[in-house]
Amino acid sequence: MHQFQPYPIELLELNPFTKISQEWMLITAGSAEKANAMTASWGGLGVLWGKNVAFIFVREHRYTKEFIDKEAYFSCNFFDKKFKNDLKYFGVVSGRQEDKFKTSGLTVNFKNNIPFVDEGNFICLCKKMAAVPITEAHFLDPEIKEKWYSGKEEDNLHTLYIGELLEVLAR
């Protein structure tokens, strides 16, 4: 296991547009008995309700969503570029079919019962504050449905999760 240090949020300097959309992150949730992770390229960091937050979007059919819904916490995990193939793997293989951690060689670690990926170099530990299902009625721009959900089943829409940023870890 790697050594992580708390990282002061006021010193945080990252570009979320490249860090999330191009380099990607793993969203991890679960418990000591079983945890799962998925690759995500949608989300962000900001301030809401007077708290520092992370927000993520998870499709209804994703296995990791079951873990996020069941537990009070999740983590957003960021990696060096050498882990890009691992992130690709976590994005296309379902944890319903296999233990992605065992197959990939990545390791689940825990801090305060919040699972995170030990090989990450930057971790956001979050407590769920809200879960907002996004429905077709929410689309004000018709191109959204056409581009991102056309021909897909209704259960393939996203839920927006907002999590209070409890701690940022770095190694």
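S41 touches I20, S21 and W24, leaving aside residues up to four places away in sequence, where contact means heavy atoms within 4.5 Å. S41 lies in the loop between β3 (35-40) and β4 (43-48); helices (H or I, at least four residues) and strands (E, at least two) are DSSP runs, numbered from the N terminus. With a relative accessibility of 30%, S41 counts as partly exposed, the classes being buried under 20% relative accessible area, exposed over 50% and partly exposed in between (1.4 Å probe, protein chains only). The C-alpha atoms of S41 and K19 are 8.7 Å apart, although 22 residues separate them along the chain.

The model is predicted, so local features need pLDDT of at least 70 and side-chain atom pairs count only at pLDDT 80 or more, whereas totals for chains, interfaces and linings use all residues. Residues are numbered from 1 along each chain as its sequence is written, and side-chain values use heavy atoms, with hydrogens and water left out.

Rings of Phe, Tyr and Trp (its six-membered ring) pair if their centres lie within 6.5 Å, with planes under 30 degrees apart counted as stacked, over 60 as edge-to-face and the rest as tilted. By this rule there are 10 aromatic pairs, including these two:

| Pair | Centre distance | Plane angle | Class |
|---|---|---|---|
| Y89 and F90 | 5.6 Å | 90 degrees | edge-to-face |
| F139 and Y149 | 5.3 Å | 20 degrees | stacked |

F139, in the loop between β9 (122-133) and α5 (142-149), and Y149, in helix α5, are 10 residues apart, and both are buried. Y89 and F90 are buried as well. W42, F55, F57 and W148 form one aromatic cluster.
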